[in-house]
Amino acid sequence: MGCTYRPVGLALGALLLASCAGRGVETADAVQQEPVAEDNKANDMVVTGSRIKVGNLEAEGQFRVGTLPSPPPPPAPAMQRAPGIWAPPYHDVGRDKFTNFVENAFKIAREDPVSTFSIDVDTASYSWVRASLNQNVLPQPASVRTEEMVNYFTYDYAPPASTAQPFSTNVAMFPSPWSPGRKLVRIGIKGYSVQRATRPHANLVFLIDTSGSMQEENKLPLVQKSLNMLLDELDERDTVAIVTYAGDAGTALEPTPVSQKEKIRSVINRLGAGGSTAGAEGIRQAYELAKENYDPNGVNRVILATDGDFNVGITDQGELKGYIERERGKGVFLSVLGFGMGNYNDALMQTLAQNGNGIAAYIDTVAEARKTLVEEASSTLFPIAKDVKIQVEFNPAAVAEYRLIGYETRALNREDFDNDKVDAGDVGSGQTVTALYEIVPVGGPRTMTDLRYGKTAASIASRSNEIGFVKIRYKLPKSDTSRLISTPIDRRMEARSFEAAPRDARFATAVAGFAELLRGGKHTGSLSYDDVLRIANASRGSDEFGYRSEFVGLVRAAKSAQTMAQLER
């Protein structure tokens, strides 16, 4: 009896698999039927599938089932669709990956007076926060990087006097709006703007993820719109190549001058999504293509557009990081444009961009694509300084404690500042970068008591007006030797009240306070979303593109947003 019913049981199993496939089970590749030996025809049929997804589960492999006595039944009437209307693409939920980090704590100035970090001009975190709040959901705390929130906005710092020094520094000090008795120190830099007529030639390789996970409206279709916008910002003397990757990688367009814009555009517009994600192989081929067309006097850059869901070939972040570091040393840089939600790998995107001397931006809307690739195209593509590091030494006679607000993932050791072998961030054409410190003056409200056997502030030599000293190291884009600029933090520059502080400094404080609240508000005292709204509205200033008004809307949205997305059923 067991032998009689086994084929029937297997056939019923196959029917169940076929029925599930008709009810929304996504396969990454079309199911293939393998040829069967003649003497096996009557007993078995082999069906292979490279991937089957049910919810968030995947199964790979081969299924051997009994011969089906009849074809599977048609789908139920409710599942039938009119010709030309396809089922919605598969969408992951809750598989986004972010790097966890410990929020910067206060440090005692006389025990550890020096703070060192790499600048960060990325903006991905702000766009992610916006995309989450637009879905009425608070972002994951690990996705909120305060410095990227603050640096999403440009600030009205004085430009450098000449191109001999690629950026200017701007320091301000004012009372903290959330901790009475404490103060904030704002350090701002602004890069000079490269004129379009004098900017270098760009040798670009668009590396585009065309795997199955990109088959959503806010992924590959948005990639195509974004790259078409960027294409319109390039000069005819620039060149563009295109590499795509899914289950494997290949060159879709050899290096082509932008004078043949329609040829490039037609390749972008014909792209489709399907298959697994061999991201590492795509990166390798893109770098090879960039090196084949390398311009020693120009900008050589790979621009990766992906959701970061690498699942074929090299997927280890450390191995990819080492490869990109070596290629960076050969003069080819990497920028990353992230797309989509549900399975977005922000941790990988940050690793790639930070070690590729490029930006990491998250594109959630066409408007964000326009901001990043049209309005800020020069700063996105053309660096004016690389390996930019900031080191601040606080005067223990004036400062009891301090903390750097944000930049946790950009921290450097003290000795890294003078080591030209240590990589750091870049500044693009016309770009502004802002950092904020919260300090406790000597005699102010401390977070830690003095050690019984420690030195006292009175025993430390004092400079009458210096709160601290700022040093900035940078390299010119084609140089391997750093240069140094420095400026004191003088108590005479302190504003008497928060309202008297520079307007841009107050707005940056509002953004930083909002980010700190989203991260848990460990150091923001009694600050509330309403306080952030009050500060932001009072310091909005010129808002040509409406970005600051949008920020105010996001703060309002956070007041009523859910703490976790609801699973759609």
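How many bridges join strand E9 to strand E10, and which way do the two strands run? In this predicted model, seven bridges hold E9 (residues 202-209) and E10 (residues 239-245) together, and the two strands run parallel. One spot to look at along that pairing is Ile 208, which stands opposite Thr 244 in E10.

**The six-stranded sheet**

E9 and E10 belong to an open sheet of six strands, and if you walk across it the order is E11-E10-E9-E12-E13-E14, with mixed pairing. At the edges sit E11 (249-257) and E14 (360-362), each of which pairs on one side only. From one strand to the next, the twist averages 15°. Helix H5 (residues 261-269) lies across E9, E10 and E11, and its direction makes an angle of about 160° with E11.

**The five-stranded sheet**

There's also an open sheet of five strands, ordered E5-E16-E18-E8-E7, and here the pairing is antiparallel. If you want a landmark, Leu 184 stands opposite Glu 438 in E18. This sheet has a helix across it as well: H11 lies over E7, E8, E16 (399-405) and E18, running at about 75° to E18.

Two packed helices are described by the angle between their axes and the distance between the axes.

| Helix pair | Angle | Axis distance |
|---|---|---|
| H11 (503-518) and H13 (547-560) | about 30° | 12 Å |
| H11 and H12 (529-538) | roughly 160° | within 8 Å |
| H12 and H13 | roughly 170° | within 10 Å |

Let's start with H11 and H13, which pack at an angle of about 30°. That angle makes H11 roughly parallel to H13, and their crossing is left-handed. On the H11 side, the contact is made by Asp 504, Phe 507, Ala 510, Val 511, Phe 514 and Leu 518, while H13 brings Arg 548, Phe 551, Leu 554, Val 555 and Ala 558. Sorted by class, that gives nine nonpolar residues, two charged ones and no polar ones.

Now for H11 and H12, whose axes cross at roughly 160°. So H11 is roughly antiparallel to H12, and H11 passes H12 in a left-handed crossing. H11 puts Arg 506, Phe 507, Ala 510, Gly 513, Phe 514, Leu 517 and Leu 518 into this contact, and H12 answers with Tyr 529, Val 532, Ile 535, Ala 536 and Ala 538. The class count for the contact of H11 with H12 is 10 nonpolar, one polar and one charged.

That leaves H12 and H13, with axes crossing at roughly 170°. This makes H12 roughly antiparallel to H13. From H12 come Tyr 529, Asp 530, Val 532, Leu 533, Ala 536 and Asn 537; from H13 come Phe 551, Val 552, Val 555, Arg 556, Ala 558 and Lys 559. By class, the contact of H12 with H13 has eight nonpolar residues, one polar and three charged.

Some residues turn up more than once. Phe 507, Ala 510, Phe 514 and Leu 518 of H11 touch H13 and also take part in the contact with H12. In H13, Phe 551, Val 555 and Ala 558 meet H11 and also H12.

**An aromatic pair**

How many aromatic pairs does the structure hold? There are 23 of them. One involves Tyr 152 and Tyr 547: the ring centres are 6.1 Å apart and the planes are at 75°, so this pair is edge-to-face. It also links distant parts of the chain, since Tyr 152 sits in the loop between helix H3 (146-150) and strand E7 (167-175), while Tyr 547 is in H13, 395 residues apart.

Definitions and conventions:
Residues numbered from 1 in each chain as written. Predicted model: local features only at pLDDT ≥ 70, side-chain atom pairs only at ≥ 80, totals over all residues. Heavy atoms only, no water. Pairing = 2+ DSSP bridges. Helix = DSSP H or I, 4+ residues; strand = E, 2+ residues; numbered from the N terminus. Axes fitted to C-alpha atoms, helices over the stretch in contact; angles between N-to-C directions. Contact = heavy atoms within 4.5 Å. Parallel < 35°, antiparallel > 145°, perpendicular 65-115°, else oblique. Left-handed = near helix turned anticlockwise from the far one by under 90°. Nonpolar A, V, L, I, M, F, W, Y, C, P; charged D, E, K, R; others polar. Phe/Tyr/Trp six-rings, centres within 6.5 Å; stacked < 30°, edge-to-face > 60°.
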